[in-house]
Structures are given as C-alpha cells and as structure tokens.
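User: I have a model open and want to walk through it. Can you take my questions as they come?

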Amino acid sequence: MSEDVQLSNVSMDFGKFRAVDRVDITIKAGEFFSFLGPSGCGKTTILRMISGFIDPTQGDVLIGGRSMRGIRPNMRPTVLIFQNLALFPLMTVWENISFGLSVRGADKATQRAKADELLRLVDLPDAAEKAIIQLSGGQKQRVAIARALAVEPKVMLLDEPLSALDLKLRQHMRSELRAIQKRTNVTFIYITHDQGEALAMSDRVGVMSNGVLQQVGTPQEIYNHPVNAFVASFVGENNVFPGRVIAAENGFGQIETEFGKFNARLGPGVNLGTTAKLYVRPERSSLAPTPTPGGNELPVEVMELTFEGNFINVLTRDDRGFLHMVQLQNDPGEKPLALGSKLRLSFQPADGVVLGEAQARSLA
Amino acid sequence: MRDILRRYGSTLTCFIVTLPAFWLLALVVLPYMILFEYSLKPMLPVDQLGGPNDVYGIGNYLTFFTSPIHIRIFFLTVFFSSVVTVICLVLSYPLAFFLAKVAKPHNVPTLFMILLIPLWVSEILRSFAWFVVLSFHGPLNALLGGIGVIADPVRWISGFNGVMIGLVYTYVLFMLFPIYNAIQALDSHQIEAAEDLGAPAWRIHWRVVIPHSKPGIASGCVMVFMLSAGSIIVPSLLASPGSRWFTEIVQQWMFEAQDWNTGSAYAFLLLVLCTVFVTLMMRLFKVRLADIAK
Amino acid sequence: MDARALSRLLIKVYVGIFLVYMLAPLIVMGVAALNNSRFPSVYPWAGFTDRWFVDLWNDDRMLHAASNTVFIALAVVAISIPIGTAAAILINSVQGRFRSFLYGVMVAPILTPGAVIGISTLLFWNNFDVPAGLHLSTLGQCSFISAYVMLLVLARLQTFDPALEEAALDLGASNAQVMRRIMIPHLYPAIGAGALIAFFQSAENFNITLFTKGNSDTLTVYVGSKVRSGITPTINALALMLIALTVIGAITYEVLRRRAERHERELTEQKERDEVMATQPMTVRTASATASGS
C-alpha cells in the first residue's frame, strides 16, 4: 500500500476521442514498470495523468492510497523526465540539478552538495559548472535523471528518454537506468515503443494499444505467453497462421488453416469455432529433412540465410508462396543449409499459441 | 481562460489579464471613442455644458466639408503623402533586397547599425538636418554651384518639394525594414531555381520576390503613409508659403482656437483616412492585419 | 563584364549612395555646430568655435526640457514593459479568432497618427479632470510603445519551450517561481531590447507629446518651437551630441556582438571535440588525457 501507484479504472477523453480506456492497474512501490505500445496508444496520456498535468475524465489516480484528483504537479510526489529532457538552458548543470531544492528554499551550500552527490551517482563528476549546450546527448540524459532524483521523488516517470540516442548509447543507458533504479529503490514508470527496452529493464510490462491495457506481466510472461494477437505481434517475431479452431480441450486444441491442421495451445477467450490466429516464434520452430511424427509441420523451401553471429535466420517459403522465418542456433559443427533445399518446418504444440484479437477501444 | 488559470495560477492570471485590459481600454479604445464623441458636440463655454445646446450633431464635420481651403489642403496632403510613399518604396526595395539576399551575412548587422543611426537620432533632427542642407545659403546650393551644375542658388524649399524631400528622408527606413523582413523570409533557393530556369532578373523580381514580400510592402506603405499624413514637424519646418499640411489645421483648432471639438473632428478625419488606407492596402495586397508587424 | 556582375556592381553603388544619403545630412548638421556663423550652415565657413555648446549649456529651459524628457522616458519604460510583457503572454495563451482580434487591437496604436493618439488621450483624461502635463504625455506614449514591447516579447516567446514550464512545475516550483525563474529570464533579451526601444521612442516622440504636455517642456517640442522661432546653431550642438552618443552606442553594440559571436563559436567547437573524444575507446582517452596533463 505504501506509495503504490494505482490507476483505478482510469479513462481520458478528449472530446469524443477516448485516449485511455478504463485502465486499472497497481504499480508497486520500488518497481520498474514499463508501458509498452505504439505511438498513439495512450501511454503518454497515462504518464501525464500520473504526473498531474491532466486529470482523468473518469476514474482516479492514487498514490499511496491518496487520491491525486485536483492536486497540481508541483504538489505530487512524482517527477517527470520529458522526452526532450527540458533542461533549463540558462542555468548551469548543478543549478539545473538543484533547482527542485532551490524552489523549496534550500541554501546554496546544500544545493551544491546535493548536486555534486548526484553527479557522482550518474557518473558525471566534473560537469557541475558546465552549460547545458556543452553537453552531449548521453550526458544530458544523466543530468535530467540527477535533477529528478534531487527532489527524492517516490515515483519517477520517464517519457521515452532513450529514443533520441544512438544505438550504443541506448544500450549503455539501459543498464545505467536499471542500476540507478535498483540503487535508489524509486518506483520507475517508463513508457516506450521499443519492446527490447521494455523487456530488458522492467520488473513488469503493461502492453497498450488504442488506449486499452492489453496485458500486464513480467517480461517472460509477455513474451512467452501473450494473451492476444496484438501482444504477440508487437513483442518479438512470429510466424502467423490464420484459421478457425476445430477442436479444443484443456487449454490445447486444433486450428484449421489453409496451410493445414495444427495442434497448439489455446490462448484466453479462444474456444471451439473461434476465428483466430496461430502464432509460432521463429526460435521455437525447427527445420528437418524428413517428416517428424506427431508434430506440426509444413513443407518449405529455403530462400535466404542471414548469419547473425550467435544465430542464423532462415527465410523459407511454402508451396503457397508465403514466407516463414526460422531461427536456428549457430552450431559450427553442423553443415550449413543449402539454398533451395526442401525441408519441413515444424514446432511442438506447446510452442504454438492460438490467439484472439486485441481488446478494442470503447466509445467515450 | 481556464487554460491560462491552469497554466499560471490565479495571481499571475490576474496580472496577465488586467494589465493589457487597462492598456487597451484606458489607453486605446475608450480614448478613440471619446474622440469621436467630442467631435459630435459643438464647442461650448463651461457654463453651457450639459445644457440645451449640448447635443450631438455633425456640425464640426460640416465645418470641414464647407471649407474649400481645408478640403483642398486635405487632398493635397493625401496626394503628397502617397507620392512620398511611392518614392520610399522605390528607394527601399533594392536596398532591402540587397541586405536580405545579396550582402554577405556577416556584413548585414554592421550595415544595419549604420542605417539605424539616423533612426535613433530622432525625427525632429532628421528633418532639421535637411533644413540646414536645403537652405538658400546652404551647402547643397554651394556644392552644386561649386561644381558648376547651377549658376544661381536654387530655392529648394518651394511648394511642396521641401516637405516631400523631408518626409522621404525621415520615414524611408520605415519602409526599408518591413520589406527587408519579408524578403529575408524568402527561401533563396527559389530565386536560384528561377535563375536556373533562365528567367531574367526583372522577371524574377516581378514573379517571385515581390509577391513574397507583399506583406512587407503593405506594412511599409501603411507606416510611411500614416507617418507622412500625420506628420507635424516636417511640414512645418520645411514649409514654404502655400505648402500647408492638414495636421497644421488640426493644430490651429486645438491650440489657437482652443476648439477641442472641431479639432477632434478633424483628427477623427485623419484617423478615418489612415484606416481607409490600411484597409485599401490590405485588400490590394491581400494581407491580413496580423502580417503587418515589425 | 557580364550582366550578372554589372548588376551586382550597380546595386553596390546604389547601396553606397543610399548610405551617403542617409548620413551626409547628419554630418552636415553636426559640423554646422562648430561653425562660427549665426545661421546654422557649413558654408561659408567662419572658423571653429565651441560657443554654441556653451550657449546650450547655459540654456536653462533646454536643460529643464531635457530632464523632463528623460523623466517621461523612464516612466514610459516602467509602464510599458510590464504591460507589453503581460500582453504578449496573454496573446500567446489564446487561439483562434479571439487571438487575431486581440492582436489587431494591440497593433492599432502603432498604425494610428500620433496627433490622433495625443488628442484622444487629452480628451479622455480631461473627463476625469486630469489636466495636460508630463503624466498625460507618459500615458499617451505608452499606448503605442506598449505595442512595440508586446511585439518584441511575443517574438521571443515563440522560441520558448513550454516543456520547461512544466518541468519546473513538476519539480515543485510554484507558478510565481516558474514565471520568475524560468520564463522571465528567457525573455530578458526581448525585455532589454524593449526597454531600449521604449526609451528612445519616448524621447524622440513629438506628435503625441505636443498635444498632451500642457505647459511643460520636453526636448523635442522645445527644439521644434525654437527651430521655428529663432534658429541658432545651439540646436546643431545638441544634434551633434546626440549623433555622437548614438554612434558610440552603435559601435559599442557592434563590438560586444562580435565578441559574443566568437565566444559562441568557441563553445560549439569545444563541444564537438568533446563528443568525438567520448566515442573513442578508453585507452585513447586516457592517453590523451595524460598527454594534455589534465
């Protein structure tokens, strides 16, 4: 209960447009939680509701059990890290960091001490007197985080902070952010459209689409057990086979597709007769020269091999002309596959899941 | 309104709203309305105010419309102000184009500084400068006589010439800067593209540069015309017998006759003239009021 | 010489002539202050003298008028800066038709003849039994100078990132603190420029001041009346001083500007060097760090 962030059936309408649809979730104190979804899915709106720049049209935001309705951003125990960082250009680095303290009346010495302490935390020990325009992208990121930490918030809100950085820096900052979160034990609420980021950093992930929270779970749960078509396709790669469920028992069933009949797990809400799609991950698929008994399989021809170092992506094509991806571990001992070889793509029933459509947005 | 309250809080919103409100009401709108009201009342001695003679009427305006001299002066003012506007336009356009597109970018601020010096020196000194130059025994005559262009000194300040020369010099910079701003916003690549396609220089100006700088031209014309028609010091300083300016009449009513009512009527006519001119420019160049800003 | 080079030469010649046209009369006027001739002129030259400066210094009325002018100008700055800034913030916070309408009303005083503003101010405050005088001149001038301030601040406001306001709020600042520590500092350049422009526009204003000053003297009106009654080169002496002041001001500004530009360039180059260093592998960085002795 202490300082948990709770979104209680929260909806946000802009006129007739419902940007956030009945989102209900409790983010635990000290958790690293990510909202993951494409642009326009409502995650930024959620962040602005938690930070206090807008109030929900319906429902309530509670922090530590207290309703935040009507409480302005400067009164909430949250700090928002903006996408463009919003560092104050006319102040030096240390003045930026200690801004939160100075508006609370702290004296200069205290401010400077705190700024120095935080600069050491974010690994920028010599940057105190620099001007903002002298900083590189990664340095600005860290100053923004230091500035937020200076006011000792209970909740840190991050709005796609890494999207403007280049690849190497992004990967470096991922682990930095995670480390800082663990060290300070502040609740991090992170929004991003990059599934790799969300999976790598978070304790739990909430996948959103069209204002609706589609699934909440640990990164493993999201990846291995997606609950609907949207989550499955947004996170990770898939081979997709649309069809209709013709048999169902105990969470397993059979789906009839134009590629044949396949046995697989059934996702939530998928029953006999449902029109749905079968999802199989490339790394859970295999290629064999001869038919395997009992498994699901599909005759394919090898079109292209992409060597990625630790694994090989094999692009195959079936008799109907559709493309399917298989990901194989790189085994130096094995003979490489020949282009054009005719093989059978197969997967275990437990490695395939039949899923229904995503939950749609309701009207305002 | 609610957004402002939300963004700034109640105390600040109070300031943000009341200060401009005071300005616009007490310093702009209401005074103009009072001006109009005064113009519709006859001039009365203090003891007759509020009495039976204190009625609205267009008597003051009739004073103007029944005075051939005043009407003549009004139209001469309009005519010569328009001439001054055109001259300023012709003089400024090449310079504006030069500053915006031809000159090297790091020279431009320096050139601007030099051009701004006459502006800072103030209107009255600008007109006085020409008074000195054009005087009968002055340097211009001396120079021209010295190099043999003229035999006898010329009386430059005759008719409206002196006034026109003075007005052009005093206000030409108000035409230059808006046009400069407008041309500056034009993407140089458009000009280069036109050159590339083989268009001659005059065509490029007529079809590419001028249309783009219409807001600037309109803005400049409005400013110069307004300043010229409403100018007091230049026409009085560089006056010659026969070159009375409309503002002189306004002054006479206000100061010599102490007739504030007729004076305000004449002032209101001046306001109407300028409003008509602004509207005309806006129609002609198809620009909105928002474009006419520095 | 081909057509292109010829036209470039012509335009440069034109610019040169224009600059001479702008500055020559001022030079003539200034030099006349040193000529020992009762009537301001440079020809015939009767010998160097500084007696006009002495006369100027002894002209008590002139000094009194000058102090009045400065007094009004400071008051105008003090009033129009808050009004103009508030107006700019207000306009920036509203949209659509209301914004265009408000903008039109705010810009109107700039396009109105000074005589009209002066007379309407006089009449309006006369209603409240406020007599003509320096304070009335202040109010009249504020009506259009506030608009200039508003335009300058508004332009600067457009470059303000609203996320900065939100970030400051989010970090715990009150609305007043956000305004004081984030927004106003961003506006300083515009406020500074506005104050400067307000001061000079007020000091050189003639038309409005003429109608509103009552019995007080201001510099421009006093000079105007002197010029029409009995001219002596004391006016030229005054002009020369003002010109000299302006030129010194312009040169100072230019020097400061160039210095700021150079400093900015150095900072950017240093940053670029830092960024290149940051992407080098660790060994290179430490090697060069020890090499440069840091």
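User: Where do chain C and chain A touch, and how many residues are in contact?

Analyst: This is a predicted model. In it, 19 residues of chain A are in contact with 21 residues of chain C.

User: Which elements of chain C give two or more residues to that side?

Analyst: Three helices of chain C do: H7 (162–170), H8 (175–203) and H11 (234–278).

User: And what is the makeup of that side by class?

Analyst: The side of chain C that touches chain A has ten nonpolar, six charged and five polar residues.

User: OK, now B against C. How many residues does each chain bring to the contact?

Analyst: Chain B brings 77 residues and chain C brings 72 residues. On the chain B side, helix H1 (residues 2–39) of chain B gives the most, with 23 residues.

User: What classes are on the chain B side there?

Analyst: The side of chain B that touches chain C counts 61 nonpolar residues, twelve polar and four charged.

User: Staying with chain B, how many helices and strands does it have?

Analyst: Chain B has 13 helices and zero strands. Of its 294 residues, 44% count as buried.

User: What share of the chain B contacts joins residues at least 24 apart?

Analyst: Taking contacts in chain B between residues at least 6 apart in sequence, 73% join residues at least 24 apart.

User: Switching to chain A. What does the pLDDT look like?

Analyst: The mean pLDDT of chain A is 88, and 98% of its residues reach 70 or more.

User: What domains does the assignment give for chain A?

Analyst: The domain assignment gives domain 1 of chain A as 5–229 and domain 2 of chain A as 230–355. Their C-alpha centres lie 38 Å apart. The contact takes eleven residues from domain 1 of chain A and eleven residues from domain 2 of chain A.

User: Which elements give two or more residues to the domain 1 side?

Analyst: In chain A, those are strand E9 (204–209), strand E10 (212–217) and helix H8 (219–224). By class, the side of domain 1 of chain A that touches domain 2 of chain A has six nonpolar, five polar and no charged residues.

User: How many bridges pair E16 and E19 of chain A?

Analyst: Six bridges pair strand E16 (residues 296–307) of chain A with strand E19 (residues 342–347) of chain A, in the antiparallel sense. As one bridge, Leu298(A) has Leu345(A) in E19(A) as its partner.

User: Last one, strand E6 of chain A. Which way do its residues point, and are they buried or exposed?

Analyst: From strand E6 (residues 78–81) of chain A, Thr78(A) and Leu80(A) point one way, Val79(A) and Ile81(A) the other way, and all are buried.

User: What does E6(A) run parallel to?

Analyst: E6(A) runs parallel to strand E7 (residues 155–159) of chain A, and four bridges join them. Val79(A) has Met156(A) in E7(A) as its bridge partner.

Note on methods
Residues numbered from 1 in each chain as written. Chains lettered and ligands numbered in written order. Predicted model: local features only at pLDDT ≥ 70, side-chain atom pairs only at ≥ 80, totals over all residues. Buried ≥ 20, exposed ≤ 12 C-beta atoms within 10 Å, placed from the backbone. Contact = placed C-beta atoms within 7 Å. Nonpolar A, V, L, I, M, F, W, Y, C, P; charged D, E, K, R; others polar. pLDDT = per-residue confidence, 0-100. Domains from an automatic or database assignment. Pairing = 2+ DSSP bridges.
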